[in-house]
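Here is a friendly briefing to read with the model open on your screen. Take the topics in any order you like.

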Amino acid sequence: MSRTNFDQLLQAGCHFGHLKRKWNPAMAPYIFMERNGIHIIDLNKTVAKIDEAAEALKAIAKGGKKILFVATKKQTKEIVAEKAGSVNMPYVIERWPGGMLTNFPTIRKAVKKMTNIDKLMNDGTFSNLSKREILQINRQRAKLEKNLGSIIDLTRLPSALFVVDVMKEHIAVKEANRLGIPVFGIVDTNSSPRDIDYVIPANDDAKDSVEVILNAICGAIAEGLEERKVEKADDKAAAEQAEEAGEGKRHARRARKEETEEAAQAEEAAPVEEKAPAAE
């Protein structure tokens, strides 16, 4: 069963592309028609592409890997933060920090700097500083929180990138391509789908359009996480059963050994019968 349908996408305005004069010819396979100088996206293809991307992301989440969401557009950043946060995935909604993927260790140092400031706040070190120094550190902490706070749990490179507006986030896409990280993207008619591994042709400007797609995508990720949790619980139960069975076998072997030892001791302790003298 599809995670979305034609009517849902139509109502959300996913079919509205850009003006014909701004189109990218590489998007021709996903364009249904032109109306009043605006390209209309083929929503039947969008439905299929959403399902394809959702299944791939579900498998990634089920494997316990992270998916980084990227959307710095003003009209979409809030919905992306909400949806990505609901499935505990990292996201970037402010300016993309150049080299975030290709120079990941440096980004991690900045994140650690933020956590170190938090430790100083908690252990009372700030009480020894002047008001001016405290103000400077607080400003630095606020700046780091704004740009990197949402990726504080991203301790290694993500296994996938989900991008809203691949043309605006072209630096993120290039970094992911360079590192071989699969890119999932909402691609409008003015963008190129060539560098995107999983293309979702749809309107990337309207909040409703992005929301209906993210609902399907994050729903699939949530399913993957739940299945992972169930598998872990099953594995734990199986391990406990195996341990109990092994313990039972050890008890049985110990009991048999004790019985054998008791039988041997009883045999040694039994009196030896004297033979009667032979008759002359």
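**Cysteines**

The count of disulfides in this structure comes to zero. Please keep in mind that this is a predicted model.

- A disulfide is a covalent bond between the sulfur atoms of two cysteines.
- For C14, the closest cysteine sulfur belongs to C218, and at 15 Å that sulfur is too far away for a bond; the cut-off for a disulfide is 2.5 Å.
- C218 is likewise in no disulfide, with the sulfur of C14 as its nearest cysteine sulfur.
- C14 is buried, at a relative accessible area of 0%, and C218 is buried too, at 5%.

- β6 covers residues 160-164, and five of its five residues are buried, so the strand is largely enclosed by the rest of the structure.
- Both faces of β6 are covered: A160, F162 and V164 are buried on one side, while L161 and V163 are buried on the other.
- β6 pairs with β4 in the parallel sense, over four bridges, and F162 in β6 is the bridge partner of F69.
- β6 also pairs with β7 in the parallel sense, again over four bridges; here the bridge partner of F162 is F184.

**Aromatic pairs**

- How many aromatic pairs does the structure hold? There are two.
- F69 and F162 form a tilted pair, with 5.3 Å from centre to centre and 40° between the planes.
- F69 sits in β4 (residues 67-70) and F162 in β6, so this pair ties together parts that are 93 residues apart in sequence.
- F69 and F162 are both buried.
- The rings of F184 and Y198 have centres 4.3 Å apart and planes at 5°, so this pair is stacked; planes under 30 degrees apart count as stacked.
- F184 belongs to β7 (residues 183-187) and Y198 to β8 (residues 198-201), so the pair links parts of the chain that are 14 residues apart.
- Is F184 buried or exposed? F184 is buried, with a relative accessible area of 1%, whereas Y198 counts as partly exposed at 25%.

**Nonpolar cores**

- In soluble globular proteins, nonpolar side chains tend to be buried together.
- The largest nonpolar core here has 39 residues, and those with the most contacts inside it are L57, I67, F69, F162, I213, I217 and I221.
- Which elements give two or more residues to this core? They are α1 (6-12), α2 (43-62), β4, α3 (77-86), β6, β7 and α7 (207-269).
- Leaving aside residues up to four places away in sequence, F162 touches L57, I67, L68, F69, V70, F184, I186, I200, I213, L214 and I217.
- Another core lies apart from the largest one and has 27 residues, among them L101, I107, I151 and V173.

**A sheet of three strands**

- β1, β3 and β2 form an open sheet in that order, with antiparallel pairing.
- The edge strands are β1 (16-19) and β2 (31-35), each of which pairs on one side only.
- From one strand to the next, the twist averages 30°.
- β1 and β3 (residues 38-41) pair in the antiparallel sense over two bridges, and the bridge partner of F16 in β3 is I40.

- Most residues other than glycine have a negative phi.
- N36 is not a glycine, yet has a positive phi of about 55°.
- Where is N36 found? N36 is in the loop between β2 and β3, and it is exposed, with a relative accessible area of 75%.
- D165, also a residue other than glycine, has a positive phi near 70°.
- D165 lies in the loop between β6 and α6 (170-179), and counts as buried at 7% relative accessibility.

How values were computed. Residues are numbered from 1 along each chain as its sequence is written. This is a predicted model: local features need pLDDT of at least 70, side-chain atom pairs count only at pLDDT 80 or more; totals for chains, interfaces and linings use all residues. Side-chain values use heavy atoms; hydrogens and water are left out. Two strands pair if DSSP finds at least two bridges between them. Axes are lines fitted to C-alpha atoms, for helices over the stretch in contact, and angles run from 0 to 180 degrees between N-to-C directions. Buried means under 20% relative accessible area, exposed over 50%, partly exposed in between (1.4 Å probe, protein chains only). Rings of Phe, Tyr and Trp (its six-membered ring) pair if their centres lie within 6.5 Å; planes under 30 degrees apart count as stacked, over 60 as edge-to-face and the rest as tilted. A nonpolar core is a set of buried Ala, Val, Leu, Ile, Met, Phe, Trp, Tyr and Cys residues joined through side-chain atoms within 4.5 Å. Contact means heavy atoms within 4.5 Å.
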